[in-house]
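Reader: I have a structure to go through before class. Can we take it piece by piece?
Author: Fine. Here it is.

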Amino acid sequence: SGQYSLARRWPPQAFAAVADALQERGVRVILVGRDSDQTGDVVRAMRGSPDLDLTNQGDLATLGAALARMDVVLTNDGGPMHIAAAVGTPVVSVFGPSNAEAYGPWDAGQPPQEWPPRSNAPPSMSRHTLVRLGLGCQPCFYRGHHLGAPQGCATRECLGLLPPRLALEATLHRLGQAQKIGHPTRMPYA
């Protein structure tokens with residue numbers, strides 16, 4: 001989620017729980033990012049190891065090439081989310097204090113699917129999914145066109161209370177859609 005607002009980061013233990021659950025289902029897990037992104041904390045929190053750890057490997061072009069080969073990318077609200085969307089890879093993005101409508105993954109004007117799905121929401125044609133709790137205080141990072149609280153609130157309940165199960169469900173949903181479309185040159189990565 002970049003260095004500007006660390007408040008946008010979902011806890012590494014939550015990412016690790018999703019990675020473990022995906023591996024239990026036969027999904028290959030690839031970790032990308034920098035040490036400053038807490039990737040080491042994710043690895044230490046996992047029961048096993050990622051299938052491939054690309055921490056600190058390459059530049060932005062390399063990251064884009066790696067993300068383009070994945071069937072889905074699970075990420076925080078940050079740069080890799082936008083790069084994955086730009087290269088056409090479905091994104092499952094965890095949103096907390098920032099404005100998902102303004103800063104979510106772009107998909108040719110299609111709003112991302114909300115997860116958990118709302119019963120009254122129209123079907124989304126987007127390749128991307130936003131995972132968030134939808135608390136009344138969200139977003140607090142940006143409100144409209146004004147900067148709110150860059151570090152979020154003191155408790156950051158919007159991320160701390162977000163169960164890994166929701167991100168897992170959304171990721172499995174996107175993987176199922178990707179496999180239905182058929183990517184013969186792609187392996188199921190998360």
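Reader: What do the buried residues of helix 3 pack against?
Author: They pack against strand 1, strand 3 (73-76) and helix 4 (79-86). Keep in mind that this is a predicted model.

Reader: Which residues of helix 3 are buried?
Author: Helix 3 covers residues 60-68, and its buried residues are L63, G64 and L67. Seen down the helix axis, these buried residues fall within an arc of 100°, so they line one face of helix 3.

Reader: And what happens at the start of helix 3?
Author: There, a side-chain oxygen of D59 comes to within 3.2 Å of the backbone nitrogen of A61.

Reader: Back to confidence. What is the average pLDDT of the chain?
Author: The protein chain averages 84, and 83% of the residues score at least 70.

Reader: Where does pLDDT stay under 50?
Author: Over residues 181-190. The model has 30 contacts for that stretch beyond four places in sequence. Where pLDDT is low, the predicted coordinates should not be read in detail.

Reader: OK, the core. How many residues has the largest nonpolar core?
Author: The largest nonpolar core has 27 residues, and those with the most contacts inside it are W10, V18, L22, L74 and V131. Helix 1 (12-24), strand 4 (91-94), helix 6 (157-160) and helix 7 (164-181) are the elements that give two or more residues to this core.

Reader: Which one gives the most?
Author: Helix 1, with seven residues. Apart from that core lies another, of 12 residues, among them M70, M81, A84 and V91. In soluble globular proteins, nonpolar side chains tend to be buried together.

Reader: You listed W10. What is W10 in contact with?
Author: Leaving aside neighbours within four places in sequence, W10 is in contact with F15, V18, N76, V94, L159, L162, P163, P164 and A167.

Reader: W10 and F15 both have rings. Why is the pair called edge-to-face?
Author: The ring centres of W10 and F15 are 5.0 Å apart and the planes stand at 80°, so the pair is edge-to-face, since planes over 60 degrees apart count as that. The count of aromatic pairs comes to one. Both W10 and F15 are buried.

Reader: Now T75. Is T75 buried or exposed?
Author: T75 is buried, with a relative accessible area of 9%. T75 is found in strand 3. Not counting residues up to four places away in sequence, T75 touches F15, P80, M81, V91, V92, S93 and V94.

Reader: Changing topic: the backbone. Which peptide bond is cis?
Author: The one from W115 to P116, with omega near 5°. P116 sits in the loop between strand 5 (113-115) and strand 6 (129-131). Most residues other than glycine have a negative phi, and most peptide bonds are trans.

Reader: What about phi, then? What is the phi of Q38?
Author: Q38 has a positive phi of about 70°, although Q38 is not a glycine. Q38 lies in the loop between strand 1 (30-33) and helix 2 (39-45). With a relative accessible area of 28%, Q38 is partly exposed.

Reader: And A108, what is its phi?
Author: A108 has a positive phi of about 50° and is not a glycine either. The loop between helix 5 (100-103) and strand 5 holds A108.

Reader: Is A108 buried or exposed?
Author: A108 counts as exposed, at 56% relative accessibility.

How values were computed. Residues are numbered from 1 along each chain as its sequence is written. Side-chain values use heavy atoms; hydrogens and water are left out. pLDDT is the predictor's confidence in each residue, from 0 to 100. Contact means heavy atoms within 4.5 Å. Helices (H or I, at least four residues) and strands (E, at least two) are DSSP runs, numbered from the N terminus. Buried means under 20% relative accessible area, exposed over 50%, partly exposed in between (1.4 Å probe, protein chains only). A nonpolar core is a set of buried Ala, Val, Leu, Ile, Met, Phe, Trp, Tyr and Cys residues joined through side-chain atoms within 4.5 Å. The arc is that of the directions from the helix axis to the C-beta atoms. A polar contact is a pair of N or O atoms within 3.5 Å; within protein, one must be able to donate a hydrogen and the other to accept it, and residues adjacent in sequence count only if both atoms are side-chain atoms. Rings of Phe, Tyr and Trp (its six-membered ring) pair if their centres lie within 6.5 Å; planes under 30 degrees apart count as stacked, over 60 as edge-to-face and the rest as tilted.
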